[in-house]
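Open your viewer and get ready to click along. At each stop you will select something, look around, and then move on.

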Amino acid sequence: MDVGAERHGPGVAAMLRGLRAPSLAPWTHLYEPPAPLRPGAPHTVFLGVSTILIGDGDTAILTDGFFSRPGLLRVRFGRVRPRRARITAALRGAGIDRLDAVFVVHSHYDHALDAPEVAAATGARLIGSASTRNIAAGHGFPDDRFQLAVTGEPFTIGRFTLTALPARHSPGDLAPGRIDRPLSPPARATDYRTGDCYTLHVRHGERELLVHASAHSLPGALDGRRADTVYLGIGALGKQDEAFREEYWDRLVTGTGARRVVPVHWDDFTRPLDRPLRPFPAFFDDFTATMSFLTRKTERTGVALALPVVGRRADPWPS
């Protein structure tokens, strides 16, 4: 305990506690093990927030591709822009030199800021909403390499079948609305408005997964959809009540028949990727409450829970 802070009253002590990031130590036993390299076998690599590389050796798909991770002061009071050195370092560190597609789940800066730069550097097509299209236009990204996501309509890339499904941003959206004209960096973080929000359904052979970045659920959006594994966004979930979390679990996990949950969008994305990932401070979220909830749910239901390790090649469907 910070005794000096206690002398100045409980308010100061509470504020200082709120600025501390919770430890990952209680959850390290949940870390995903590294997957062996097997030709043709699907794999994933978590790269912070909801940036996930999904590949099988022939095809490589990336969600979001957010690597610049500007600091908190710049996000709150300045302007943000892609940091090409950080993007290059992150791609090199993940062994990415070519991508077939970059799929943007919604258009906030922590998802879409770098996507046009990543797609341009890797030869990928860029897929997303009309708002993401305006971000791409502001970067000078060629429109003939942009694909507008159409909810419910599957499309094939290699042996993967992808379907964008409608989703809802988590409560407390700080930049709601749409981007209705080309957006060129540098720009305010709040200029990167949500646009349409998606859950990405991915099928490879008989196996299925969901990448669901925002901790909210849309009634009926996933009806009839199945997933073996859900990459489950938990940002700000710790600030919601138990009834909200239960409904979220029921729609995303129970409703899809998932047998495995991998939490994403939990790390403090104002820290660069070359520093160890840590959860957001308690002032912004309650990571401990969320992980305790997920642990209770998985223990009661027999669903597996795994915490992703940044940069580690993992098996999305371990036996």
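Start by selecting strand 2 and strand 3: they form a hairpin with four residues between them, and G57 in the turn has a positive phi of about 95 degrees. Helices (H or I, at least four residues) and strands (E, at least two) are DSSP runs, numbered from the N terminus. This is a predicted model, in which local features need pLDDT of at least 70 and side-chain atom pairs count only at pLDDT 80 or more, while totals for chains, interfaces and linings use all residues. Residues are numbered from 1 along each chain as its sequence is written, and side-chain values use heavy atoms, with hydrogens and water left out.

**Stop 1**

Strand 2 and strand 3 (residues 60-63) run antiparallel and are joined by three bridges; two strands pair if DSSP finds at least two bridges between them. Click I54 and you will find I61 of strand 3 opposite.

V45 has L53 as its bridge partner in strand 2. Strand 1 and strand 2 make a hairpin too, with five residues between them, and G48 in its turn has a positive phi of about 95 degrees.

Which way do the residues of strand 2 (residues 52-55) point? I52 and I54 point one way, L53 and G55 the other, and all are buried. Buried means under 20% relative accessible area, exposed over 50%, and partly exposed in between (1.4 Å probe, protein chains only). In a regular strand the side chains alternate between the two faces of the sheet.

**Stop 2: the sheet around them**

Zoom out to see an open sheet of seven strands in the order 6-5-4-3-2-1-14, with mixed pairing. Its edge strands, strand 6 (146-148) and strand 14 (313-314), each pair on one side only.

Next, select strand 4 (residues 101-103) and strand 5 (residues 125-128), which run parallel and are joined by three bridges. V102 stands opposite L126 in strand 5. Is V102 buried or exposed? V102 counts as buried because its relative accessibility is 0%. Leaving aside neighbours within four places in sequence, the contacts of V102 include L62, D64, A115 and V118; contact means heavy atoms within 4.5 Å.

Helix 7 (residues 130-139) is next. Seven of its 10 residues are buried, including I135 and A136. These buried residues pack against helix 5, helix 6 (115-122), strand 5 and strand 6.

**Stop 3**

Pick H201 and look for its bridge partner, L210, in strand 10.

Then pick T163, in strand 8 (residues 160-166). T163 is buried, with a relative accessible area of 3%. Beyond its neighbours within four places in sequence, T163 contacts several residues, among them G152, E153, T199 and R225.

**Stop 4: the core**

Which residues touch the most other members of the largest nonpolar core? Of its 53 residues, they are F103, L162, L232, I234, W266, M291 and L294. The largest share of this core, five residues, comes from helix 8 (residues 242-254). A nonpolar core is a set of buried Ala, Val, Leu, Ile, Met, Phe, Trp, Tyr and Cys residues joined through side-chain atoms within 4.5 Å.

Select L294 and find L232, I234, W249, P263 and L305, which L294 touches when residues up to four places away in sequence are not counted. Apart from this core lies another, of 36 residues, among them V75, L99, L113 and I135.

In helix 8, click V253. V253 is buried, with a relative accessible area of 1%. Not counting residues up to four places away in sequence, V253 touches Y248, A258, V261 and V303.

**Last stop: the largest pocket**

Finally, show G172, L174, F269, F280 and F284, which lie nearest the centre of the largest pocket among its 35 lining residues. On a 1 Å grid over the protein atoms alone, a cavity is a set of points where a 1.4 Å probe fits but cannot get out, and a pocket is an open set with protein on both sides within 12 Å along at least five of seven lines; lining residues have an atom within 4 Å of a point. Helix 3 (72-77) and helix 5 (109-112) each supply at least two residues of this lining.
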